[in-house]
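Colleague: I'd like to learn how to read a model like this one. Could you walk me through it?

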Amino acid sequence: ARLTLKPNVLGVTIAPEPRDIRWEAIHTPQRNRDSRESLTNILLLLGVILWSFPLTAIQAFATAEQVALIPGMEWVLSVD
């Protein structure tokens with residue numbers, strides 16, 4: 001459900017009985033959890049690296065004078 005400030009909007013239901021849950025389907029082997037965690041960390045590191053290089057390059061060239069050349073951004077030079 002969407003988050004909202006209106007009261008009584010979120011629907012709540014009673015949890016199922018423990019005997020109705022397939023408990024054998026809940027267990028995942030430690031090896032699977034470890035490999036998923038490693039893959040997630042590698043993808044996160046790769047994302048940070050791939051995000052950082054272009055951002056650093058843009059920041060290096062984005063001086064106030066260069067930004068002021070963009071139409072409508074002249075006010076940047078007047079900021080103290």
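Colleague: What percentage of the 80 residues of the protein chain count as buried?

Modeller: Some ground rules before the number. This is a predicted model, where local features need pLDDT of at least 70 and side-chain atom pairs count only at pLDDT 80 or more, while totals for chains, interfaces and linings use all residues. Residues are numbered from 1 along each chain as its sequence is written, and side-chain values use heavy atoms, with hydrogens and water left out. Buried means under 20% relative accessible area, exposed over 50%, and partly exposed in between (1.4 Å probe, protein chains only). Here, 1% of the 80 residues count as buried.

Colleague: And the secondary structure: how many helices and strands does the protein chain have?

Modeller: Helices (H or I, at least four residues) and strands (E, at least two) are DSSP runs, numbered from the N terminus. This protein chain has 2 helices and 0 strands. Its radius of gyration is 26 Å, well over the 12 Å that the globule rule gives for 80 residues, so the chain is more spread out than a compact globule. That radius is taken over C-alpha atoms, and the rule is 2.2 Å times the number of residues to the power 0.38. Along the principal axes, the C-alpha trace spans about 70 × 45 × 20 Å.

Colleague: Which residues make the nonpolar surface patch?

Modeller: For patches, we take residues with over 30% relative accessible area and no salt bridge, joining like charges within 9 Å and nonpolar side chains (Val, Leu, Ile, Met, Phe, Trp, Tyr) within 5 Å. Areas come from the Shrake-Rupley method with a 1.4 Å probe; for residues, only the protein chains shown count as cover. In this model Leu-39, Leu-43, Leu-46 and Leu-50 make a patch of about 400 Å². Leu-46, for one, sits in helix α1 (residues 30-61) and is partly exposed, at 44% relative accessible area.

Colleague: Which side chains meet in a salt bridge?

Modeller: Side chains of opposite charge can pair when their charged atoms come close. The cut-off for a salt bridge is a side-chain nitrogen of Lys or Arg within 4 Å of a carboxyl oxygen of Asp or Glu. The structure holds 1: Arg-22 with Glu-24, at 3.6 Å, N to O. Arg-22 counts as exposed at 57% relative accessibility, and Glu-24 is exposed too, at 60%.

Colleague: How far apart are the C-alpha atoms of Arg-22 and Glu-65?

Modeller: They are separated by 64 Å, with the two residues 43 apart along the chain. Glu-65 belongs to helix α2 (residues 64-68) and is exposed, with a relative accessible area of 51%.
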